[in-house]
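This report looks at a pocket, an annotated region and a helix pair in the structure shown below.

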Amino acid sequence: MLIAQITDLHIRMPGQKAYRVVETDRYLPPAIEALNRLDPAPDLVIISGDLTDFGRPQEYAHLKNMLDALHTPYFLMPGNHDAREALLAAFPTHTYLQGANGFVQYAVEDHPLRLLMLDTVVPMQSHGTLCSQRLDWLRERLAEQPGRPTAIAMHHPPFVTGIAHMDAIGLLAGAPELEQIVASHPNVERILCGHLHRTIFQRFGGTIASTCPSPAHQVALDLRPDGPSAFVMEPPGFHLHEWRNGVLVTHHAYIGDYPGPYPFHEEGGVLIDE
């Protein structure tokens, strides 16, 4: 089973620039092309939040038009830049978005690795939270199939990354409770997150929590306690999570055209030395 993860698209309308710099809608088509070229093809694509920049209906309509070119089934999650109502209205055939108790939470059951999608959004706020309702939903879903390999996906990561301005708008409530839940379910293979626009890993509740790069701009890698809120135009990327023989392996993939691939060896198998 192969899962592709893209995140933090921040789609704006054509010609509009996020933060006066990034025409975000120009970066998604190359990402879709990269996903469509993968061989083997992913079984599904997770898009883990900040689908649009301001949660406007026209931004979601523009996003949907671009995602129609994706060959692989995809599953959407909201981030802090999204608006649940506008998201649901723009993707009416994605009935899983109806979620539970007003939250966009759902299970993807049709593959060897089960996926549980958690909604961390606080409307009109940048930080995230996991309230008792959302955590109870997770407990109930995990109790349904306690022995089945499962990954949890959510927008805000449940750990402190060291990038201070992002930690200030991270998951500000519910992380300790989530860690207790995960620690009591050793079948949870991974927690897949967005929000940070970077690849970051941390051990969490006996498993690994990770964040994914953006197909557009990346958050600057600045670990100073007083580091400013800033981004860089580092190479765009995505993650590939391969579930094989009971093990989940993650690859960081870059988007774009680069020289290569070049061989390491001559035709006879000798290492090239020139």
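## The largest pocket

In this predicted model, the largest pocket has a lining of 28 residues, and those that lie nearest its centre are His10, Tyr19, Asn80, His81 and Ser126. The space within this pocket comes to about 580 Å³.

Divided by class, the lining of the largest pocket holds 11 nonpolar, 11 polar and 6 charged residues. Two helices, α3 (84-90) and α5 (164-167), each contribute at least two residues to that lining.

## The annotated region

An unreviewed UniProt entry lists residues 1-198 under "domain: Calcineurin-like phosphoesterase".

## Packing of α4 with α6

The packing of two helices is described by the angle between their axes together with the distance between those axes. For helix α4 (residues 132-144) and helix α6 (residues 175-183), the angle is about 5 degrees and the axes are 11 Å apart. Because angles under 35 degrees count as roughly parallel, α4 and α6 are therefore described as roughly parallel to each other.

On the α4 side, the residues that meet α6 are Leu135, Leu138, Arg139 and Leu142, and their partners in α6 are Glu177, Leu178 and Ile181. Sorted by class, this contact of α4 with α6 comprises 5 nonpolar and 2 charged residues, with no polar residues.

Key:
Residues numbered from 1 in each chain as written. Predicted model: local features only at pLDDT ≥ 70, side-chain atom pairs only at ≥ 80, totals over all residues. Heavy atoms only, no water. Axes fitted to C-alpha atoms, helices over the stretch in contact; angles between N-to-C directions. Helix = DSSP H or I, 4+ residues; strand = E, 2+ residues; numbered from the N terminus. Parallel < 35°, antiparallel > 145°, perpendicular 65-115°, else oblique. Contact = heavy atoms within 4.5 Å. Nonpolar A, V, L, I, M, F, W, Y, C, P; charged D, E, K, R; others polar. UniProt positions renumbered as here; feature names shortened; annotations may be inferred. 1 Å grid on protein atoms, 1.4 Å probe; cavity = no way out; pocket = protein on both sides within 12 Å on 5 of 7 lines; lining within 4 Å. Points joined across faces, edges and corners; volume = space filled by probe spheres on them.
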